[in-house]
Amino acid sequence: MKESKKTAGHLMALFTVAVWGTTFISTKVLLRAFTPIEILLFRFLIGFAALCLVNHKRLRTKERSHELLFVAAGISGVTLYFLMENIALTYTYASNVGVIVATAPFCTAILGFIFLRDEKLKMGFFVGFVISIAGIVLLSFNGQKSFHLNPRGDVLALLAAVVWACYSVLIKKISSYGYQTIQITRHVFFYGILFMLPALFFMDFHWQFSRFKNPVLLANILFLGLCASALCFVTWNLAVKIVGAVKTSVYLYLVPVVTIAASVLVLHEKISAVSVLGTVMVLMGLVLSDRGKTAEKNN
């Protein structure tokens, strides 16, 4: 029973990154009519509404300290992560952001070891990390002649990876208190949206609901809101609860691989030998990273 539960956790993590790896297509379509901050707010408002419909029962935290953890999770996993990533893309190359954000599993491992003390890292984890990052570099910079550093954007991308690691560790801690996962996700979305609102005054945001009359735009924003946000944050949080913050975060290595596959299948882009090599290296690194940890003490 315990093994089947862990298998379910791994499958949920795999499903989540499979969806997240394809969101770039919807985002690319929506950027024709929406700004990044508009896409971000609308998708999480839709996700929050959906979670309220599924479970409208109010979450009452057992202690004040628990509420503060929810606030921190909302700020880190929703507000800061997505804002930093989107702003980073305006200062640096998407390939730079893709590689730097992929360090999130490493950041999660370090923070998890410091604050959770539930997994002991072995050398295999670090070897797997290096191999996966090397594979992601090949995927991200395939076809480019050189790598260019853009300090402002690259630092923002690194901070995005760190705050996502903070979110994963916070969710693991919150999950240990026995709250229902959908309620956890909904509560996190609430604080994420709340702290996102001040950014609307400083960024290019317009409501203009008439844009949703376009069925293509509506379908893509619903996909991001219902599937990529509401559903996938629930499955991600469940995976973190079941198999741990570090093991779940390792699956983020697969996001660039899924993106490449989606590009080939949906956009009919050609895949090169370098992309194939990069994909193999990412998969090898994932396996090594997963084996490079001992079992969690509380599982």
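Author: Gladly! T248 touches A13, W236, A239, V240 and V243, leaving aside residues up to four places away in sequence; contact means heavy atoms within 4.5 Å. This is a predicted model, where local features need pLDDT of at least 70, side-chain atom pairs count only at pLDDT 80 or more, and totals for chains, interfaces and linings use all residues. Residues are numbered from 1 along each chain as its sequence is written, and side-chain values use heavy atoms, with hydrogens and water left out.

Reader: Why does T248 count as buried?

Author: Its relative accessibility is 0%, so T248 counts as buried (under 20% relative accessible area; exposed is over 50%, partly exposed in between, with a 1.4 Å probe and protein chains only).

Reader: What makes helix 3 oblique to helix 10?

Author: The axes of helix 3 (residues 36-54) and helix 10 (residues 215-243) come within 8 Å and cross at roughly 60 degrees. Angles under 35 degrees count as roughly parallel, over 145 as roughly antiparallel, 65 to 115 as roughly perpendicular and the rest as oblique, so helix 3 is oblique to helix 10. By class, their contact has 14 nonpolar, 3 polar and 1 charged residues.

Reader: And why is helix 4 called roughly antiparallel to helix 8?

Author: Here the axes of helix 4 (residues 64-91) and helix 8 (residues 151-175) cross at roughly 160 degrees and come within 8 Å. That angle makes helix 4 roughly antiparallel to helix 8. The residues of this contact divide into 20 nonpolar, 3 polar and 3 charged.

Terms used: Axes fitted to C-alpha atoms, helices over the stretch in contact; angles between N-to-C directions. Helix = DSSP H or I, 4+ residues; strand = E, 2+ residues; numbered from the N terminus. Nonpolar A, V, L, I, M, F, W, Y, C, P; charged D, E, K, R; others polar.
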